[in-house]
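Trainee: Please take me through how the labels on this model follow from their cut-offs.

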Amino acid sequence: MASGQLSRDKALECSSSRHACHVMLYSDTASQLFGRTPIKHIVLMQMRFDGLLGFPGGLVDPSEETLEEGLTRELLEELGVAVPVSVEDYVESRFAPSHPPTSSSSSSPLILHFYVKKIEEEQIREIEKAAASTAADHGLEVLGMVRVPLYSTKSHAGFSCFLSHSFIGNARSQLVDSLLRLHLVSPGELRRALRSSQRMNA
Ligand code: GTP
Ligand code: MN
Ligand code: MN
Ligand code: MN
Ligand code: MN
Ligand code: MN
């Protein structure tokens, strides 16, 4: 297992830890940008209150709810729609890196649980509509949902530009790892985008 990673069962034994669950919701799409660039997949992230990009979800209390119940509750608050997420959508759990690692004054360790769920394009549109209107957290904890551009433009912007923004926690690697694992981008495209995003931030 990769460093910081632990099994779902081991994670749930850590009763003194705090737990958070986040999910990457995505769909296929046939739409084309400018009528010529296939978008292929819609991946949803959000602009958080702190200006960082992250996935929808939040803190759950395993003593009062299952991880999936807690995640579904957070999604209702942040998206305004009940998107049921189940154990089948679970990907991994890992400790959030602490800063500084040995700080004695810091609060209890945080375990981050990550899920991915494929939905229909129509559901994506419903989520976007609700998230911008009826969602309790709209304009507060969540400033807006965003789609991830997975394509590259002629000027090498697009995916690379998106990756050059700032992300909460390990959301950026959750995104990159999931896109690779689900074959939503090819390893070559990803390598090019990562290299060019580094240049943008240099
Ligand atoms: P409150 O309702 O204000 O408690 O927020 P929340 O429950 O929605 O919690 P939040 O989504 O901010 O997640 C809790 C913690 O998990 C954050 O402080 C981050 O450290 C971490 N976190 C948030 N989003 C992500 C994400 O997309 N990926 C990862 N890995 N961690 C995240
Ligand atoms: Mn236009
Ligand atoms: Mn929340
Ligand atoms: Mn949240
Ligand atoms: Mn919360
Ligand atoms: Mn909240």
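Trainee: Why is Asp 50 called partly exposed?

Mentor: Buried means under 20% relative accessible area, exposed over 50%, and partly exposed in between (1.4 Å probe, protein chains only). Asp 50 has a relative accessible area of 33%, so Asp 50 is partly exposed. This is a predicted model, where local features need pLDDT of at least 70, side-chain atom pairs count only at pLDDT 80 or more, and totals for chains, interfaces and linings use all residues. Residues are numbered from 1 along each chain as its sequence is written, chains are lettered from A and ligands numbered from 1 in the order in which they are written, and side-chain values use heavy atoms, with hydrogens and water left out.

Trainee: What makes the contact between Arg 48 and Asp 50 a salt bridge?

Mentor: A salt bridge needs a side-chain nitrogen of Lys or Arg within 4 Å of a carboxyl oxygen of Asp or Glu. For Arg 48 and Asp 50 the N to O distance is 2.8 Å. Arg 48 is buried, because its relative accessible area is 16%.

Trainee: Which residues coordinate the manganese ion (ligand 4)?

Mentor: Gly 57 (O) and Glu 78 (OE), at 2.1 Å. Donors are N, O and S atoms within 2.8 Å of the metal (3.2 Å for Na, K and Ca); water is not among the atoms, so sites may look incomplete. Glu 78 also coordinates the manganese ion (ligand 3), and the two ions are 3.3 Å apart.

Trainee: Why does Gly 57 count as buried?

Mentor: Its relative accessibility is 5%, so Gly 57 counts as buried. Glu 78 is buried as well, with a relative accessible area of 5%.
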